[in-house]
Amino acid sequence: MARELTLQNLRVIMRHILRTSNTKRKEICIQKTAGRLGCECARALFGQNWSTVLKELSANCNHKFTVIAECFEKQCSFLVAQRLKRATQIMAFYNRLYGEKLIDQVGSSLLRRFHKKSLFCVLAATLFSWEENKIGDDVINRCVYDMVHIQELVQKTRSQVVDQSCEWEKIIDRPHLIVWRRPLEFNTSLFQYKVYGKFDDVPARAFFNTQVDVEFWKQWDKLSLDIRIIDKHENSGSEVVHWTLKFPYPMYSRDYLYVRRYTVDPTNKIMALYSRTVSHPICPVQDNIVRVTDYQSALVIKPYTDFDENGLEYVLTYYDDPQTTFPTVCYNWMATTGVPEFVDKLHKASKMMHERTQKGYRPEYYQNQNQNCHSSFTLNQTQYA
């Protein structure tokens, strides 16, 4: 019985010592244990120099544990190096078999995995060329001239004489809304639409801000799952926008990645917004969302009198490829019902924006709108008469 008690006390001593890493704490632990067993028992087990023996034993154990840990670390590093080397060889082998296609797929997978990392976003942004993708003044000028040409198109549409040379087909004709369409040159199965309308109870600035302010867009457009600005170019005023749109079940949602630029010209009383699709490394294609790769939109707004007074007319010219196939009947139905419904939602949202503006709400770019004009405009007021 006494022998079993002695062995049990010895195990207690060893457990306390091995768990203690600090030298001072070891001495305290030894003293406490010795006090527990008694000095005579300690001398009987380890001799007269029992304290020194226990210190050496503890140091020897710690040294062996340290050596084992270093060996384990080296072994892990060796295994990681071998795995990386093997992965590099496999990639080189498949690259020789399949070329760059496999590399593009792997790169896209990595982009989808790490695109939310801030450091990765900064590095990816450096791969995007603004010189190639920015929207220049010439594009904005061509967009603005739509307001000049639309008057001629309206007169042809509402005249009794049929003009066979007109490439635009009228599909909606209402007192404050006209919609035309024409087949795209590069894809005759799709149409480009031109919308001309007027609002008498909304200021031009509120109508403009409703479509430029992405934070407000999320509130009034319930079909938008997300819309955000992911990159900007200060010199040109261009910015990249990612817009995710909910499609009817069972179709996948669609997302648009486009570069846009807007301008406010107080001299000619014109507001313009131009957008077109673009590719950006920060926002790769996702597996569960269909990317719309062909999209272009040009909006021109002209107030009756002033930007902040009620009354405006606008021209919207756009096309997109929703990456799906609809029968002709469905396209006709969407054009004749979907466009008026969207215009009606836009009208109501513009009135909400005007009410907020009167209460003091200002988008972050509001103060720069009157300064964001282009001296390259050569339009005269008489051209809009």
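**Exercise 1.** This is a predicted model. Classify lysine 156 as buried, partly exposed or exposed.

*Solution.* Start with the value: lysine 156 has a relative accessibility of 35%. Partly exposed lies between the cut-offs of under 20% for buried and over 50% for exposed. Lysine 156 therefore counts as partly exposed.

**Exercise 2.** Find what joins the side chains of lysine 156 and glutamate 152, and state where the two residues sit.

*Solution.* Step one: the two side chains meet in a salt bridge, 3.5 Å from N to O. Step two: both residues lie in helix H9, residues 146–158. Step three: they are 4 residues apart, so about one helical turn separates them. Step four: glutamate 152 is partly exposed, at 47% relative accessibility.

**Exercise 3.** Describe the salt bridge between arginine 291 and aspartate 255. Are the two residues buried or exposed?

*Solution.* First, the distance: the closest N and O atoms are 2.9 Å apart. Next, the location: arginine 291 is in strand S8 (residues 289–292), and aspartate 255 is in strand S6 (residues 253–265). The pair is 36 residues apart and links distant parts of the chain. Last, the setting: arginine 291 and aspartate 255 are buried.

**Exercise 4.** Compare the exposure classes of glutamate 131 and lysine 134.

*Solution.* These residues form a salt bridge, with closest N and O atoms 3.6 Å apart. Glutamate 131 has a relative accessible area of 60%, so it is exposed. Lysine 134 is at 30%, so it counts as partly exposed.

Notes: Residues are numbered from 1 along each chain as its sequence is written. This is a predicted model: local features need pLDDT of at least 70, side-chain atom pairs count only at pLDDT 80 or more; totals for chains, interfaces and linings use all residues. Side-chain values use heavy atoms; hydrogens and water are left out. A salt bridge is a side-chain nitrogen of Lys or Arg within 4 Å of a carboxyl oxygen of Asp or Glu. Buried means under 20% relative accessible area, exposed over 50%, partly exposed in between (1.4 Å probe, protein chains only).
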